[in-house]
Amino acid sequence: MLSQQHDEAVRALVQSLAEPYLRDMAAPWRAGDCAVCADGLMAAAEESLMQPWHRLRSAMAKQYALDTGANAPVPDDALLAHFGIRSHEALLENDVFHEGILCVLEHVRDMGISLWGRLREDRPALYGALGIAPDDLPAQVHVAGENRVHWRTVCVAFQSGRRIIYTDNVHGYSMAAGWLRFLSLLAPDGMAAGVRALPREGYGWREYVEPAPLDSAEQAGRYYTHAGYLLGLLHLLGTRDMHCENIIACGVHPTPIDLELLLVPQIEALLSPIAAAWDKTVLATQLLPTPIRMYGGLPRDIGGLTGTGSGAQNLAYFRGKPILATLYADEIAQGFSQAIDAMRSLDAQSVLDCFSGACSRIILRSNKAYAQAFDMQYRLSLTMDACAAQAEMGCYLRQLQPLLPEEVLEAEETAIRKGIISRYWMPVDATDLMCDGRRVASGFAAISARERTYHRLQALAGDARRQQEIIRGVLSASAEGRLAAWYRSLLLQKAI
């Protein structure tokens, strides 16, 4: 049987399990005369439900290679036979595979039902905050964001053509609201931009940001001066993750659309000495050129002003051609300096009060590390009984990050067993690590994000010149095609 035929057989198997879940998810949408939206959610769910199979098949191929020494691709028939799986129905005897499917089903069902209910309940508030008229019916929905397995983000399009983003990542939208309050303190001249958001209890909405080209070649200088200004603000507020998929080029403004890693505390358990020093530079924002190595490939730039990626809309354009940041190092450095000067005029406590009650996301592992953990879990399920595999998985996670508290590692084990990347948070005024509304570790950070940022703002002029040198250096290296070498040199010289 060909791989495509196996895919079709597994899809039929999964759909037989999914039918009651998806029927429940679609029911309120169909009753509300939004059948097209229901169809869109069901199609997205069917794709999400294939992910456990893709993970299992990948794990089988890797374990087969270890068992036999084979290097060439192996047909699915041989993989299934090697592991004694005589039918597609027998796949459900693999606890990890079966639990992964059920977890996806429960999540997408609950997400779809709650999305409909919250959309109806919040119509008056959505009109006031985001301008969605009460009689403007949903016309289409599609899953967006980085996690297409356990949905976190959904785009809702209305009959008028307006679009908004829904998420259960409420803390990121609380930060977005705080960011707008902060900008009102120091940027009445429009030097920086943000997005309107409507945070709710346990979820939130934000406006959909459309990319827009520059109106003239002369606007390129303004765009990159604004980019430098944004870089200065994000650096001083200890922001991370401003990569190419989290920035939208909107006219003369690079606009951040995901601020969940604003006001990030420094956590010693997650940082080596070099990483701790790195954490204090403008490079940590990832707004500047940032090389990462993809699976088995060459380094790729994911920087918010320079990187490229699937669906990224971060590059400034004029008449269909990109305007490269590497040509505007002076403007970016100038904008950075203007941000430093603007912040000097503000009281640090007033700045931090803009974010009172918000939470910062804490990332314990990279997406690559989580992918490797999921792969390990499936491979163990093929070679050990459930108890032995669980014990081995616990050892594996502890070896990866031995400094994490035991209660955090236990929470990680539970989530990974379900195929979930847990989302951890920390209130900006506290040091406890939170997940799903509960505390998983007390005193996880040495000091709160608020206290750390306060000290940073008090000494904001101290290393401005060094940061400008880094800005010019990394842009020059990117322009000359030696970005990865520049980063290596910086680390070897401990010049950060």
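This is a predicted model: local features need pLDDT of at least 70, side-chain atom pairs count only at pLDDT 80 or more; totals for chains, interfaces and linings use all residues.
Which helix or strand supplies the largest share of the lining of the second largest pocket? The answer is helix H5, with eight residues of that lining.

Sorted by class, the lining comprises 13 nonpolar, 11 polar and 12 charged residues.

Ala177 counts as buried because its relative accessible area is 17%, and the cut-off for burial is under 20%. A C-alpha separation of 25 Å lies between Ala177 and Asp279, which are 102 residues apart along the chain.

Helix H16 covers residues 464-479, 16 residues in all. From the first C-alpha to the last, H16 reaches 23 Å, close to the 22 Å expected at 1.5 Å a residue. Which residues of H16 are buried? They are Ala464, Gln467, Ile470, Ile471, Gly473, Val474, Leu475 and Ala477. As background to reading such a list, an α-helix has 3.6 residues a turn, so residues three or four places apart point the same way. After H16 comes Gly481, whose phi is positive, near 75°.

The aromatic rings provide another view of the model. A pair of aromatic rings is described by the distance of the centres and the angle of the planes. Nine aromatic pairs are counted in the structure. Tyr203 and Trp205 form one that is edge-to-face, with 6.4 Å from centre to centre and 85° between the planes. The pair counts as edge-to-face because its angle of 85° is over the cut-off of 60 degrees. Are the two partners buried or exposed? Tyr203 is buried, with a relative accessible area of 7%, and Trp205 is buried as well, at 0%. Ring pairs also bring in Tyr166, so that Tyr166, Tyr203 and Trp205 are linked into a cluster.

Rings take part in contacts with charged groups too. The charged end of Arg55 sits over the ring of Phe374, 4.1 Å from the ring centre. Likewise, the charged end of Arg163 is placed over the ring of Tyr208, at 4.0 Å from its centre.

Backbone geometry draws attention to two loop residues. Asp33 has a positive phi, near 65°, although it is a residue other than glycine. Asp33 belongs to the loop between helix H1 (3-31) and helix H2 (35-48), and it is exposed because its relative accessibility is 65%, where the cut-off is over 50%. Arg319 is also a residue other than glycine with a positive phi, near 55°. The loop that holds Arg319 runs between strand S10 (317-318) and strand S11 (321-322), and Arg319 is exposed at 72% relative accessibility.

Arg23 lies in helix H1 and is partly exposed, with a relative accessible area of 44%. Arg23 and Leu262 are 239 residues apart in sequence and 39 Å apart in space, C-alpha to C-alpha. Asp39 lies in helix H2 and is partly exposed at 43% relative accessibility. The C-alpha atoms of Asp39 and Ala26 are 7.6 Å apart, with a sequence separation of 13 residues.

Ser345 lies in the loop between helix H10 (329-344) and helix H11 (348-353). With a relative accessible area of 59%, Ser345 counts as exposed.

Terms used. Residues are numbered from 1 along each chain as its sequence is written. Side-chain values use heavy atoms; hydrogens and water are left out. Helices (H or I, at least four residues) and strands (E, at least two) are DSSP runs, numbered from the N terminus. Ala, Val, Leu, Ile, Met, Phe, Trp, Tyr, Cys and Pro count as nonpolar, Asp, Glu, Lys and Arg as charged, and the others, Gly among them, as polar. The expected span of a helix is 1.5 Å times one less than its number of residues. Buried means under 20% relative accessible area, exposed over 50%, partly exposed in between (1.4 Å probe, protein chains only). Rings of Phe, Tyr and Trp (its six-membered ring) pair if their centres lie within 6.5 Å; planes under 30 degrees apart count as stacked, over 60 as edge-to-face and the rest as tilted. A charge sits over a ring if NZ of Lys or CZ of Arg is within 6 Å of the ring centre and within 35 degrees of the ring normal.
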